[in-house]
Amino acid sequence: PWGYDGDNGPDQWHKNYPIAKGRHQSPIEINNKEVHYDRSLLPWFASYDPCAAKTILNNGKTCRVVFDDSFDRSVLRGGPLPGVYRLRQLHFHWGSSDDHGSEHVVNGVRYAGELHLLHWNPKYSNYLDAVRRTDGIAVLAIFLQVGKTPKPEMKRILEEINAIKTKGKEAPFPNFDPSVLFPKSHDYWTYHGSFTTPPCEECITWIVLREPIIVSSDQMAKLRSLSKNAENEPDLPLVDNWRPTQPRYFRMVSASFL
Ligand SMILES: NS(=O)(=O)c1ccc(NC(=O)NCCCCO)cc1
Ligand SMILES: [Zn+2]
């Protein structure tokens, strides 16, 4: 199956997922010179129910927290979005060291990691149907920057890492409102793109926050202590689960700020 290593890595994905060579792929480079300030862009709002949080798991590719998305319980709205989108899961991408790991790159800057909060458009009957639509999915992306005063709210997720060390492990993750992870500023860039992993469907309205959240080097090391493999297999560190930036082609990246 696909992965991030040489033989099954991002350059090979198109063999099983031809859309990986499409014109609306993610992530991309965001460069100030090519961004268009759009003063009609609205602020975005998240209204999350902490009781919607269910479990945290290691699927061998990332660390994911899953939420109840059986009704409009935890939603994202505003910004570039035409209506409410339901929060389904959040997950991370990170590097093997603090100087890289994010998927989007801003004016040449790579962050240590990137948090993705994935939401789907409930005008479609279910998530799998939304994945096939250009307005089906909205991902709120938040950069992780290593610093001395980490966000205390990150601790909750990282404390659970010990319970999901190996692929396939899952643990209850009750009572968590991911908006506690948001940075102060809601400034964002937005563009139309894709999943950054197979199936690479071009169904995502990306909302990339300008302000990173601060995590500690120890917290990043915690993420890197996850294993790609199951407990009865050799311990392979789960690191560098990020896709390189893809061609922007004729896409406009809009900014909500001057
Ligand atoms: N990193 S990302 O762009 O936020 C992302 C989110 C979900 C997925 N995959 C996903 O939801 N798969 C289940 C449904 C696939 C339908 O064929 C891949 C990448
Ligand atoms: Zn992601």
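The structure is a predicted model, in which local features need pLDDT of at least 70 and side-chain atom pairs count only at pLDDT 80 or more, while totals for chains, interfaces and linings use all residues. Residues are numbered from 1 along each chain as its sequence is written, chains are lettered from A and ligands numbered from 1 in the order in which they are written, and side-chain values use heavy atoms, with hydrogens and water left out.

The zinc ion (ligand 2) is coordinated by His91 through NE2, His93 through NE2 and His116 through ND1, at 2.0 to 2.1 Å; donors are N, O and S atoms within 2.8 Å of the metal (3.2 Å for Na, K and Ca), and sites may look incomplete because water is not among the atoms. The angles among the 4 donor atoms of this ion are 99 to 117°, and the site is tetrahedral, a term applied to four donors if all angles lie between 85 and 135 degrees. Along the sequence, the donor residues follow the spacing H-x1-H-x22-H. His93 lies in strand β7 (residues 85-94) and His116 in strand β9 (residues 113-120), so this pair ties together parts that are 23 residues apart in sequence; strands are DSSP runs of E with at least two residues, helices are runs of H or I with at least four, and both are numbered from the N terminus. Both His93 and His116 are buried, where buried means under 20% relative accessible area, exposed over 50% and partly exposed in between, with a 1.4 Å probe and protein chains only.

Strand β9 is largely enclosed by the rest of the structure, because 8 of its 8 residues are buried. From β9, Gly113, Leu115, Leu117 and His119 point one way, whereas Glu114, His116, Leu118 and Trp120 point the other way. Strand β9 pairs with β7 in the antiparallel sense over 8 bridges, and pairs in the antiparallel sense with β10 (residues 137-146), also over 8 bridges; two strands pair if DSSP finds at least two bridges between them. Trp120 in β9 stands opposite Arg86, and Leu117 stands opposite Leu140 in β10.

The largest nonpolar core has 42 residues, of which Cys63, Leu90, Phe92, Trp94 and Leu117 touch the most other members, and β7 gives the most to this core, with 5 residues. Such a core is a set of buried Ala, Val, Leu, Ile, Met, Phe, Trp, Tyr and Cys residues joined through side-chain atoms within 4.5 Å. A second, separate core of 25 residues includes Ile28, Ile30, Val106 and Val253.

A search of the whole structure finds 12 salt bridges, each being a side-chain nitrogen of Lys or Arg within 4 Å of a carboxyl oxygen of Asp or Glu. In one of them, Arg248 is joined to Glu34, with the closest N and O atoms 3.4 Å apart, and this pair links parts of the chain 214 residues apart. Asp98 forms a salt bridge with Arg224, with a closest N and O distance of 2.7 Å; Asp98 lies in the loop between β7 and β8 (105-106) and Arg224 in helix α3, 126 residues apart. Asp98 is partly exposed at 27%, whereas Arg224 counts as buried at 15% relative accessibility. Asp49, Asp68 and Arg73 are linked in a network of salt bridges.

Definitions and conventions:
Tetrahedral: all angles 85-135°; square planar, octahedral: opposite > 155°, others 65-115°.
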